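Please look at the model below together with its sequence.

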Amino acid sequence: MASDVKTDFAVQQDRIANDIEAYLHEHEHKSLLRFITCGSVDDGKSTLIGRLLYESQMVFEDQLTALTHDSKTMGTQGGELDLALLVDGLAAEREQGITIDVAYRFFSTEKRKFIVADTPGHEQYTRNMVTGASTADLAIILIDARKGVLTQTRRHSYLVSLLGITKVVLAVNKVDAVGYSQDVVEAIDKDYRAFAAELGLTDITTIPTSALKGDNILVPSANTPWYDGPTLLGHLESVEVEDQVQHQPFRMPVQWVSRPDLDFRGFAGQIAGGSIRPGDQVRVLPSSRVSTVDRIVTFDGDLPQAVAGQSITLTLTDEVDVSRGDVLAAADDSPEVADQFEATLVWMAEEPLQPGRPYLLKIGARTVSATVGTPDHKVDVNTLEHLPADTLALNEIGVVQVSLDRAVPFDPYALNRDMGGFVLVDRLTNGTVGAGMLRTATRRADNVHWQAIDVDKSAHAALKGQKPCVLWFTGLPSAGKSTVANLVERALFAQGRHTYLLDGDNVRHGLNADLGFTAEDRVENIRRVGEVARLMVDAGLIVLVTLVSPYRADRDLVRSRLDEGEFFEVFVDAPLAVVQERDPKGLYRKAAAGEAKNVTGVDAPYEAPESPELRLPTAELSADDAARKVLAMLTDAGILAP
Amino acid sequence: MTTTLTHLQRLEAESISIMRDAVSESERPVMLYSIGKDSAVMLHLARKAFFPGKLPFPLLHVDTTWKFQDMYRLRDKTAAELGADLIVHKNPRAVELGINPFDHGSGMHTDIWKTEGLKQALEAGSFDLAFGGARRDEEKSRAKERIFSVRTKDHRWDPKMQRPELWRLYNARVHPGESVRVFPLSNWTELDVWQYIAMQDIEIVPLYFAAERPVVDRDGTLIMVDDDRFRLHEGEVPMRKKVRFRTLGCYPLSGAIESEADTLSAIIQEMLLARTSERQGRLIDHDAKASMEKKKQEGYF
């Protein structure tokens, strides 16, 4: 093979040397293929990538010198060039304590540029492979011809299908080690197809290869005369990748509203589906207003048409309200808008999923608050078996229900990756902790025209002659929350204000009678009380809430559900020693005696507010003084008249 | 009918999308502008991303005072033409100590002027997001760099804080004091950059093109004598050779190659036929075998 290959490249080098202009012109029209390689080092994965880089001349002389040296000292090929070392470099990374995850490699041929997502390492395999697969057009699944379809082959194929990659190359590698046997390769092919069909993978190209020897990588191998299919590189160069997504209805999440001056108002984004022309009708989601595309604006001049994948700026013929995160879509074929979904979730953080806890969810150009329910089930990636689960740990995959704090436009992930893929971000660490794929909406936002409600919050408030708000009293049990809140409500009532006090103990007898004291139930307890308080604010009331509400994230979620200036966090701050001394309900005595569990401050954490609107040190203040401070705060904030 | 986007169209669209997202998700973005060819491409893409508006962020040049004169000229010309807000930062401590590559070596020179200077400039501007022109193909350890890379309060790169990046969804959220480095050219190769420069007719520093220049030989590396601060050996007279540079930095630390390539296509031709990688001309990479990994952990861009 080697001599053929050299000749091939010699031709290319000659062309570069003799007619660079023609060569460049050709290369300007190359397309791009992104693919992922799945397999372990043992299957020859690094050798395969190394060979592709080497054969396409992406290896320079200085690198080659280093490689020759490394092959002698650390190589496994008896002093011959060990191509795996081109991509491995893992030993050094391990020594430096660098996380080995997804690496991207590049090479190009006459016809295409390639980006390879390489995911070494066994430990974090799921997280890494899912990451690499999320941007891949095609997957190469490597099988060691001596071993056939293994558990890991099933795992890789499941992840490939999960991430929506439809094109698979089955590289039956190390065929040299089985005597280039047609029977072996065909048996593996049959095995694999039977299994892959269950996953919905049907577009499979099987190629017998030896990455080590170069068989069927670049040129057809004389060792496999029975094989008349394409070589690996030949297939990668010619496989059709112009996504289905171009033939889908138009979709574009708005990333940036461009307003350089009063005359121009453009909506910038990368097209996630279909194509668009001036004159096309588009629907703005979630508002559902319809307008018409006026221009497709780019730095290089206006375009007559733009397609999926392009980054453009659209102007519309009407003055409609569009903000970052909205989606512009084909008016007659627009996506659904919903706030509850069933999704497949891949967990990517050390700290497991906390059902009920609010996370940030980013989809398209929009970030919203989201909670995830207890998984319906998790999937054993090796057997594809569905198992019961309370949570998802690192690298676990499950089907979950996701609830958002507002409705978002979406398409099922299977139809459109960019309209149905999302990441979850932890509110405290800001880390990306999960990746999900929306399957279906479980509750549609059937009335997306919120503005249709004529008697709205301001109307309710105006009738009562007041500004509605929530006073959220948080603190340890027995810190004095209810005592102070009662005094405040009496004072407000005396002033003719319309109020309501939601007491944490009382709601547990009715609204939340079904909830206990586990972390998950506490989260739900607070979410419900927060939602009720929000409805009451909508109705124009001043709402007082007394709830231990020990977690910052939960209180922040309630805050995020209200408008700016409507949420007052009042930290009723009494030291543990003081509340243990007071202990009117005998809670702390029970905790000390081991009769009560999950008592906040004792064996359950309390996260104090970092910047509450008001802090009441009740060990130093009388209840009356504390109440006066709350009223003074409301006056300062303009809720009460001075 | 399907329209096939070329690889450069796809790369361009991706970079633009990254920039729009990054600017939307940060409070105070800034673009690191080093005046090299990658910076030139990044800046060109930024103009496209926010067209017809102006750049929604300032350009920051962390100056070492030892760049080539041609680089300063292009920097000032570009900023004036675009009406861009250009911040030039020179580490006052380095100015005071007179740090230079001759007395202090390339390691200390780079560390104080660039690494320390960059931290100062980012802190002075309270920037929470900085664009950089690094590419994944530059070096093996860059291959797994994220497009959005979080830096701690003291600008260190913590491998444990690396966030998974899926689809086109980037996470730019940071705590106060932390920042994000964003690399819109992550998926470009050196060849892509050159082809794009040729296709889009992007102005680059003339030093990339071969011309007769005064050089001296330092241990097999040709160094250009760009101004009278250069320390010539006794009796040494610079030779005039037709040379060009594959990468640009501080002139006493940038190795020139002998070349006849004085057009873009000739440069690309030379690169395609070349047998050494681009970073070989960059002296700081060889110094003390300090890996890029280590430099990144310390806050080098």
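Pro52(B) sits in the loop that runs between α2 and β2 (59–63) of chain B. The peptide bond joining Phe51(B) to Pro52(B) is cis, with omega about 0°. The model is a predicted one, and this omega, like the other values here, is computed from it. Chain A also has a cis peptide bond, from Leu285(A) to Pro286(A), with omega near 10°. Pro286(A) is placed in the loop between β11 (281–285) and β12 (289–297) of chain A. Another backbone feature of chain A is found at Asn395(A), which has a positive phi of about 70° although it is not a glycine. Asn395(A) belongs to the loop between β20 (386–387) and β21 (397–410) of chain A.

Back in chain B, helix α2 (residues 37–50) packs against helix α1 (residues 7–24). How do the two axes meet? They come within 9 Å and cross at roughly 70°. An angle from 65 to 115 degrees counts as roughly perpendicular, and α1(B) and α2(B) are therefore roughly perpendicular to each other. The crossing of α1(B) past α2(B) is right-handed. On the α1(B) side the contact is made by Glu12(B), Ser15(B), Ile16(B), Met19(B), Arg20(B) and Val23(B); α2(B) contributes Met42(B), Leu45(B), Ala46(B), Lys48(B), Ala49(B) and Phe50(B). Sorted by class, this contact has eight nonpolar, one polar and three charged residues.

Helix α2(B) also packs with helix α6 (residues 190–200) of chain B, at an angle of about 60° and with the axes 10 Å apart. That angle makes α2(B) oblique to α6(B). The crossing of α2(B) and α6(B) is left-handed. From α2(B), the residues in contact are Lys37(B), Asp38(B), Val41(B), His44(B), Leu45(B) and Lys48(B); from α6(B), they are Glu190(B), Val193(B), Trp194(B), Tyr196(B), Ile197(B) and Gln200(B). By class there are six nonpolar, two polar and four charged residues in the contact of α2(B) with α6(B).

The last topic is the contact between the chains. It takes 70 residues from chain B and 90 residues from chain A. About 6,900 Å² is buried between chain B and chain A, and carbon and sulfur atoms give 55% of this area. How many salt bridges does the rule find across the interface of chain B and chain A? There are nine. Asp137(A) forms a salt bridge with Arg10(B), and the closest N and O atoms of this pair are 3.8 Å apart.

Terms used: Residues are numbered from 1 along each chain as its sequence is written. Chains are lettered from A and ligands numbered from 1 in the order in which they are written. This is a predicted model: local features need pLDDT of at least 70, side-chain atom pairs count only at pLDDT 80 or more; totals for chains, interfaces and linings use all residues. Side-chain values use heavy atoms; hydrogens and water are left out. Axes are lines fitted to C-alpha atoms, for helices over the stretch in contact, and angles run from 0 to 180 degrees between N-to-C directions. Helices (H or I, at least four residues) and strands (E, at least two) are DSSP runs, numbered from the N terminus. Angles under 35 degrees count as roughly parallel, over 145 as roughly antiparallel, 65 to 115 as roughly perpendicular and the rest as oblique. A crossing is left-handed if the near helix is turned anticlockwise from the far one by less than a right angle, and right-handed if clockwise. Contact means heavy atoms within 4.5 Å. Ala, Val, Leu, Ile, Met, Phe, Trp, Tyr, Cys and Pro count as nonpolar, Asp, Glu, Lys and Arg as charged, and the others, Gly among them, as polar. Buried area is the accessible area (1.4 Å probe) that two parts lose on being put together, summed over both. A salt bridge is a side-chain nitrogen of Lys or Arg within 4 Å of a carboxyl oxygen of Asp or Glu.
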